[in-house]
Amino acid sequence: MASLEDIGVSALINIISAFAFLLAFAVLRIQPVNDRVYFPKWYINGARSSPKHRGNFVGKFVNLNFSTYLTFLNWMPQALKMKEPEIIEHAGLDSAVFLRIYILGLKIFGPVTIVALLFLVPVNVSGGTLFFLSKELVVSDIDKLSISNVQPKSLKFFAHISMMYTFTFWVCYMLYKEYDTVSSMRLSFMASKHRRAEQFTVLARNMPNGHSVSDNVEKFFKKNHPDHYLCHQVVYNANKFGRLVRRRHRLQNWLDYNQIKFERHPEKRPTLKTGFLGLWGKKVDSIEYYKQQIKDFDHRLTMERQKVLKDQKCIMPAAFVSFNSRWGAAVCAQTQQSKNPTLWLTNWAPEPRDVYWKNLAIPFVSLSIRKLVISLSVFALVFFYMIPIAFVQSLANLEGLERVAPFLRPVVELKFIKSFLQGFLPGFALKFFLYILPTVLMVMSKIEGHVSFSVLERRTAAKYYYFMLVNVFLGSIVTGTAIEQLHSFIHQSPTEIPRTIGVSIPMKATFFITYIMVDGWAGVAAEILRLKPLVIFHLKNMFIVKTERDREKAMDPGSVDFPETLPSLQLYFLMGIVYAVVTPILLPFILVFFAFAYFVYRHQIINVYNQQYESGAAFWPHVHSRIVASCLISQLLLLGLLSTKKAANSTPLLVALPILTLTFHKYCKNRFEPAFRKYPLEEAIEKDAQDKASEPEINLKSYLADAYLHPIFHSFEEVELLDITVDKNPDPVASQPTTEPASRSRSRSPSPSPPHHLHGQEDDGEEESATVQHYEVGPPANVYHYGYEHHENIFHYNMDGYQHTQHDVQGYSVETPSGYYRY
C-alpha cells in the first residue's frame with residue numbers, strides 16, 4: 001500500500017510533468033510553424049491567417065521576436081476573458097454547458113472539502129483502531145485518516161452519517177439549480193436561433209411495404225397532416241456511391257498536386273509509373289494520367305448515381321419529412337402516427353451535419369437484433385477487461401506481491417523504485433489500458449444503428465461510463481482487496497473476513513489519488529500541449545499535404561471528445577462523492593483537477609475545437625443522472641461499510657437517504673427533462689408567428705427541399721473548375737495552344753474579361769455554376785465552349801456582352817479560337 005511518501009513522489013512526478021507540458025505549450029504556441037495547430041478554430045472561422053514573418057527564411061518557422069518569450073504566459077488570462085454568452089456564440093451551447101460541468105464540480109466539492117477536512121478528519125484520526133491492526137493488515141498513513149480508523153460500535157459514526165446527509169443535500173441542491181439553468185439556456189438558445197432545417201423536419205422510419213416509398217410517404221402525410229406537410233426527402237443507400245466519390249476526390253487531389261508541381265517547375269512535366277505503389281510499370285505523364293482517371297471515374301459516378309436514384313432497392317424505408325411550421329413538425333415528432341405503434345415511427349430529425357448517413361440505410365427490423373448483440377458484447381468486454389485491470393491493481397501493493405513472487409524483492413525494495421512503482425505506475429498503466437477503449441466502444445455504437453453523431457457519442461459515453469464504474473472503480477476495490485488482504489484472509493477465521501473487507505474499501509483511496517494525479521493533472525496538461533496533433537500535422541505537412549485542401553484536413557482539430565471526457569468527468573464526481581465521507585483527504589486532489597481542467601478546456605474550446613454538430617446540450621440529463629447515481633452508490637457503500645463496523649445503532653439512519661435521493665431524481669426528471677426531449681408547442685407557435693411577421697414571403701419549400709439530401713450527391717454536383725489560359729495578345733500566332741502554367745497565365749493583364757460565374761440550367765431545373773479562373777482572349781466575336789457532365793454551355797463573346805447557347809455533349813471540354821481542349 002502506498003504511503004504518504006509514495007504519494008509525495010507521485011505528486012512530484014506529475015506536477016513536474018504538468019509544468020513541463022505547460023512550459024512546452026507556452027513556447028510552441030508562439031512559433032509561426034505551429035500556428036495552425038494551436039489556433040485552428042480561428043482559421044476555420046476566417047478570423048486568422050498565417051502569421052507574417054520577418055527577416056530570413058528561419059523566421060518563417062521560428063519566432064525571432066525574443067520579447068514575446070517574456071510574455072509567453074499571457075495565454076492564461078486570455079482564456080478567461082470570453083464571457084459565457086460569447087462562448088455560446090463562438091463555439092455553441094454544447095461547449096458552454098460542457099464547461100459548466102467543471103464549474104459544477106468546483107461548486108460541489110469546494111464547500112464539501114472544507115467541511116470534511118475540518119470535521120471528519122479529526123474524528124477519524126482520534127479513532128486509532130488501525131494502529132492495532134497494522135500488524136495484521138497492510139495499511140498506510142492515509143488509511144489512518146479515513147473512516148477505517150474509527151473503532152467498531154463507536155458513536156463517532158453519527159458524525160459520518162450526518163455528513164453524508166449534509167453532502168447529499170448540498171449535491172442535490174446544486175444539481176437542481178444547474179439543471180434549471182441549463183434547461184433555461186437550452187430553451188433560450190433554441191428560441192434565439194435563426195431558421196434551421198431540423199426545426200421543421202422529422203425522421204420517419206419503418207414504413208409499411210408498398211410500391212414506392214416516396215409515394216407512400218407523400219400519401220400518408222398529406223392525409224394525416226394536410227395543413228402542414230410540405231415536402232420530403234427519401235433516404236438512399238448510397239454507401240457504395242459515397243466510397244466512389246471519396247476515391248474521385250483523392251484522384252482530384254493528386255491531379256491538383258501534380259499541376260502545382262508543374263507550375264513550380266515548368267521545364268519538366270511530372271511522371272509516374274502505373275504499377276503497384278508507383279514502383280514499376282509503364283511511365284506516363286502524371287497530369288494526363290489523372291485527368292483520364294477522373295474522366296473514367298466521372299462516367300462510373302454518373303452510372304452509379306442513376307442506379308441509386310432509380311433502383312427501388314436503394315431506397316430505404318425512411319424519409320426526412322418537412323413541414324411548413326415548427327408547430328406542425330412538433331406535433332408530428334411527438335405523437336403516435338399509426339394505430340400500429342411499430343409503423344410510421346417519427347422522431348425529431350438531427351441537424352443535417354449531425355446525421356450519420358451510413359446508419360440510415362440499416363433496415364429497421366435489424367436494429368433490435370443489433371442492439372441485443374452489442375449489449376452482450378459490451379457485457380463480455382467489461383468482464384474480460386477485468387484481467388488486465390487485476391494485473392494493474394496488483395502493482396498497487398508490492399508488499400502483497402512479494403509474498404506471491406519473492407524473487408522480485410531485491411528490485412522492489414530499492415526505495416526510489418518502490419515509491420515510483422506504487423505511486424506512479426498503477427495510475428499510468430490503467431490510463432494506458434483505457435486509451436484504446438473509446439474507439440472500440442464507438443465502433444460498437446455505430447454497429448448498434450444510431451442515426452446521428454450526437455446520439456452515437458452519448459451512447460458511447462454511456463458504455464464507457466459503465467465500463468469505468470465496473471472496472472476502474474468497483475473492480476479496483478474488489479480486485480485490489482483480494483490481493484492486498486490475501487495473507488490476512490488465509491490466517492484469520494471466516495467470521496473476520498467481512499470486517500476485513502469493510503476496512504479495506506477506503507484503503508483504495510491511495511490508488512485513486514495516484515490515478516487522479518496521472519489522469520487529472522499530467523493528463524490534462526498533455527491535452528493543452530496537443531503533442532499528438534502537433535506531430536501528425538507536421539508529418540502530414542511534410543509527406544502527405546499536396547494542396548490547400550490537404551492542409552485544411554491536416555489542420556482539422558476535431559471537437560470535444562465527449563465519449564471519453566464525459567465518463568471521465570463522471571468518474572471524478574463518483575470518486576469525490578464516495579470518498580467525501582470515507583477518506584476526505586482525497587478531495588483536495590479532486591478540486592485541483594476540476595480547477596485545472598476547467599482552465600485548460602476553456603482555452604481549447606475558444607482556440608482549438610471546432611464542434612461537428614450542435615445538440616443544444618442534449619447530454620446534460622445523462623450527466624445529472626450519473627451524478628445522482630454517484631450519490632446512491634456512496635450511500636450504499638457507506639451502509640455496507642458501517643455494517644462491518646457493527647454500528648447497529650447508527651446504520652438504520654442511512655436507510656431513508658437513498659429513498660430521498662431517488663425522489664429528488666424523479667422530480668428533476670419530470671420537471672426538467674422534457675425540455676431536452678420535446679419542443680414545447682407554445683414555443684413553436686410563438687417562433688412561427690415571429691417568422692411570419694419578419695419574413696412573410698419566405699419560400700420554405702425551396703429552403704427545405706435539399707436540406708437533407710445525402711451530402712455525397714451535393715459533392716458530386718459540384719462543378720469542377722476549368723483552366724482556360726490567358727493571353728492578352730490577339731495575334732493568331734501568339735494564340736496557339738499552350739501548356740503555360742496557370743500561375744503564370746494569371747500574372748498577365750487580360751482584355752475585357754468574361755463573367756466570373758457562368759450559370760447553366762439542367763433538364764430538371766437545377767441551376768449549376770462554375771467559376772472561370774483563367775481564359776484566353778482572341779479577336780472580337782470569339783466563341784468559347786465550356787462543358788460539364790451532359791451539357792455544353794457556349795458563350796459568344798463580343799464587345800457588347802455575352803450570348804449563351806447549350807448543347808448536349810459528353811465529358812469536359814473547352815474550345816477557343818486557338819484550339820479545342822477536352823478533359
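Strand S1 (residues 201-205) is joined to strand S6 by 4 bridges, and the two run antiparallel; strands here are DSSP runs of E with at least two residues, helices are runs of H or I with at least four residues, both numbered from the N terminus, and two strands pair if DSSP finds at least two bridges between them. This is a predicted model, in which local features need pLDDT of at least 70 and side-chain atom pairs count only at pLDDT 80 or more, while totals for chains, interfaces and linings use all residues. Residues are numbered from 1 along each chain as its sequence is written, and side-chain values use heavy atoms, with hydrogens and water left out.

Within this pairing, valine 202 has tryptophan 348 of S6 as its bridge partner. S1 and S6 belong to an open sheet of 4 strands, in the order S2-S5-S1-S6, with antiparallel pairing. Strand S2 (229-236) and strand S6 (345-348) are the edge strands, each pairing on one side only.

Elsewhere in the chain, methionine 542 lies in helix H25 (residues 531-543). Methionine 542 has a relative accessible area of 58% and is therefore exposed, where exposed means over 50%, buried under 20% and partly exposed in between (1.4 Å probe, protein chains only).

Proline 680 sits in the loop between helix H31 (674-677) and helix H32 (681-694). Because its relative accessible area is 31%, proline 680 counts as partly exposed. Although proline 680 and glutamine 334 are 346 residues apart in sequence, their C-alpha atoms are 9.9 Å apart in space.
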